[in-house]
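Subject: Structure handover

Hello,

Here is the structure I promised to pass on. Please open it and keep it beside this email while you read.

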Amino acid sequence: MKSLQQLTRRKALTGLATPRLASQTLASQRLWQRNFGVTASAASQLAALDASKLSITKTTTPKELTPPKDLVFGKTFTDHMLTVEWTAADGWHSPQIVPYQNLSLDPSTCVFHYAFECFEGMKAYKDKNGGIRLFRPNKNMERLNKSSARIALPTFDGEALTKLIGEFVKLDDRFIPDARGYSLYLRPTMIGTQKTLGVGPPGSALLFVIASPVGPYYPTGFKAISLEATDYAVRAWPGGVGDKKLGANYAPCILPQLEAASRGFQQNLWLFGEEEYVTEVGTMNLFIAIKNKETGKNELITAPLDGTILEGVTRDSVLALARERLAPKGWEISERKIRMADVAQAAEEGRLIEVFGAGTAAIVSPVRSISYRGKLVDCGLKKDEEAGEIALQMKNWIEGIQYGDEPHAWRTSGEEEHILPLPNYRQLAYAHNGPPTSRTVIIFFPGLFGIGRAPRVPETCRELQAHFIAPTLPGMGNTSTRDKSVPYQVSLAKDITALLSYLYPTNEFDTLYLSGGSYGTVPAQMLYGASYELFPAGRKIAGCLLIAGFSPLKYHKGYAKTLSWQNWFSFGPPTQLLPFHLLQWLFRGIIGSRMGTQDGAEAFLRQQIFSKMDDGERSKFKQWLDINDLSEDTFITQMARDTLKSNKNWDGFMEVADVLHSDWGFEPEKLDDEHVSKPVLVVGSSADDLGGTSNDWLVQNYRSVRLKLLPGGHISALFYMDELWKELFDTVLRT
């Protein structure tokens, strides 16, 4: 029997991610070798978590929705669950979304005996346009990986799990009520599942995610709580596991909480050490706003990450927003130790402004009083107040970001760059915005020196509830150089097919629109004209929007006559005559020297684009800035950042001329009837000397085409995007 157990353990090699391997000690390496007969290094070669292998089995007995007013936290669950098994022999298995069901585990399963369990708490929100948003999921993934690594469970690719959770939420999004304050609480959980009473790293594990619709934590408004400062029990200590989100950390806290409740207090305030340092509250981090006795300044204080508190996502968000919005008003933002005696003294001296907890469930929870050494410490609230000014501001700020009212980098829609792994160690960078469950998809390709971003989807696209996707082109930004063994259009079609398969694993969308600006019109046209064998999603194309477009120079013989001198040298005839890409290298050197820094890129953009605007275009630009709540400096700064990011990989720039002159895989005037039945809107600008100048040729050679000329220069179409998309959508409806 012992030899059989050893054989089973030897088959169980574990697939830990690189960060975990880097932190392992010699002792842990020896433990691995003793338990599994190999080193952990070999385990890193096992299968990673792969979202593209997701399978979905839908329930045949959908549940009735609970009325929003009747929702109780953690009592109602959705139709499905996400599960992924891991074994030390094979690594991560294929992920599955299956009907919500019981787990079947042997009584000897190690999670029951040695607490191999960790979890996360996060939420999905429905914005006013019906889009589903996750709030800073990367932070939850990082923390779950830290927790799992600490108890010898496998780690995983956080981006992949986020994608899987997104698919899960899309499937069960009907459970999210269409009202402010409601959300879908998500509980990613990992458990060790090996059947053994032996103590050692589990040879198998299960990662699963369940979801529960929840209502507002305070349905009738804030209700301040009272705390009991607890020194007779210790929740966490430096070097322990109190800073990890383990189930084993929660059960020991229940008895002290019951004792506090018996004395009329809602939660424990955990104190640490003889100094009685303030750490955290029950299931929340704690923030204390005081007037600093030494400096006289207002100070917002929370305990440092020293192992005695959980690294809260809401805590990090409050700190970041405080530094961004309170610090300019004179506030000091501190992560430091503070004794409970000092908090009590500040209250006695009238320097304690307010106290509040911070966590996923409530966002913030105001504190009215703290019981400390037989006395109640008043936390600054008036009798008729339930929340202080800072707590209320934080709730409104964070909620505004969560529900999409405020554009912010923490939103998963539009601002965040995502990375899709591709075959042959390549990757595709992209951004997306709008309802991920939408059956209408828009793909927009940025121009040269641009990257895929989607923070501002045109209103007409939002009204259509479209899913807006913006890939970064090959060889630019964080997208890998294309596969040079195949033509550009073939590599492009494969990459975009992989992206659509990743975002829509079951191909559940009906309509596809292609669009691009300047050089981005090239890939848009390549996909528009691609064979359906090469690009199967092409059959779903409804229309194409080309802004400042380029024509396929292989067929546009007279193209050079209309080029500006800059374009003539950058992609005109000389680029195809001089060997070794000499002109491209020259332009790269010139552009790199001028736009190699943030200041340089901003100066270049101001000179080449914004200084050339006439009064009419500048007026339209100002209107657009006002509508989008932007300043001119902020907009130019972002453009410059995108330029610098795009230039981190010059491979895409170096092949622009070759791509323009290459075979795009089709000739516009020879497209079949099915292809040409899909309308094309060509948009040009009257004073554009930087973008494509092929509008007339495009109109003459595409059959279902319309031309729209706008006043202004190279980026003027940006200010008319609502009108342009409406015109294309109306054209499609009439077709």
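First, the ground rules. This is a predicted model, where local features need pLDDT of at least 70 and side-chain atom pairs count only at pLDDT 80 or more, while totals for chains, interfaces and linings use all residues. Residues are numbered from 1 along each chain as its sequence is written, and side-chain values use heavy atoms, with hydrogens and water left out.

**Domains**

The domain assignment lists domain 1 (51–214), domain 2 (225–390) and domain 3 (418–733). Such bounds come from an automatic or database domain assignment. Between the C-alpha centres of domain 1 and domain 2 there are 29 Å. Across the two, 18 residues of domain 1 are in contact (heavy atoms within 4.5 Å) with 17 residues of domain 2.

**The sheet**

Look for an open sheet of eight strands, ordered E19-E20-E22-E21-E23-E24-E25-E26, with mixed pairing. Strands are DSSP runs (E, at least two residues), as are helices (H or I, at least four), numbered from the N terminus. Two strands pair if DSSP finds at least two bridges between them. Strand E19 (418–422) and strand E26 (705–710) are at the edges; each has a single partner strand, so one side of each has no neighbour in the sheet.

Strands E21 (residues 440–445) and E23 (residues 511–517) run parallel, joined by six bridges. Phe 445 has Gly 516 in E23 as its bridge partner.

**The cores**

A nonpolar core is a set of buried Ala, Val, Leu, Ile, Met, Phe, Trp, Tyr and Cys residues joined through side-chain atoms within 4.5 Å. Buried means under 20% relative accessible area, with a 1.4 Å probe and protein chains only; exposed is over 50%, and partly exposed is in between.

The largest core has 90 residues, and Ile 165, Leu 186, Tyr 519 and Phe 535 have the most contacts inside it. Helix H13 (residues 488–503) gives the most to this core: eight residues. Domain 1 and domain 3 each supply at least three residues to this core. Apart from it lies another core of 52 residues, including Ala 289 and Trp 397.

**Glu 299**

Is Glu 299 buried or exposed? Glu 299 is buried, at 2% relative accessible area. Glu 299 sits in strand E14 (residues 298–302). Leaving aside neighbours within four places in sequence, its contacts include Ile 288, Trp 331 and Arg 336.

Best wishes
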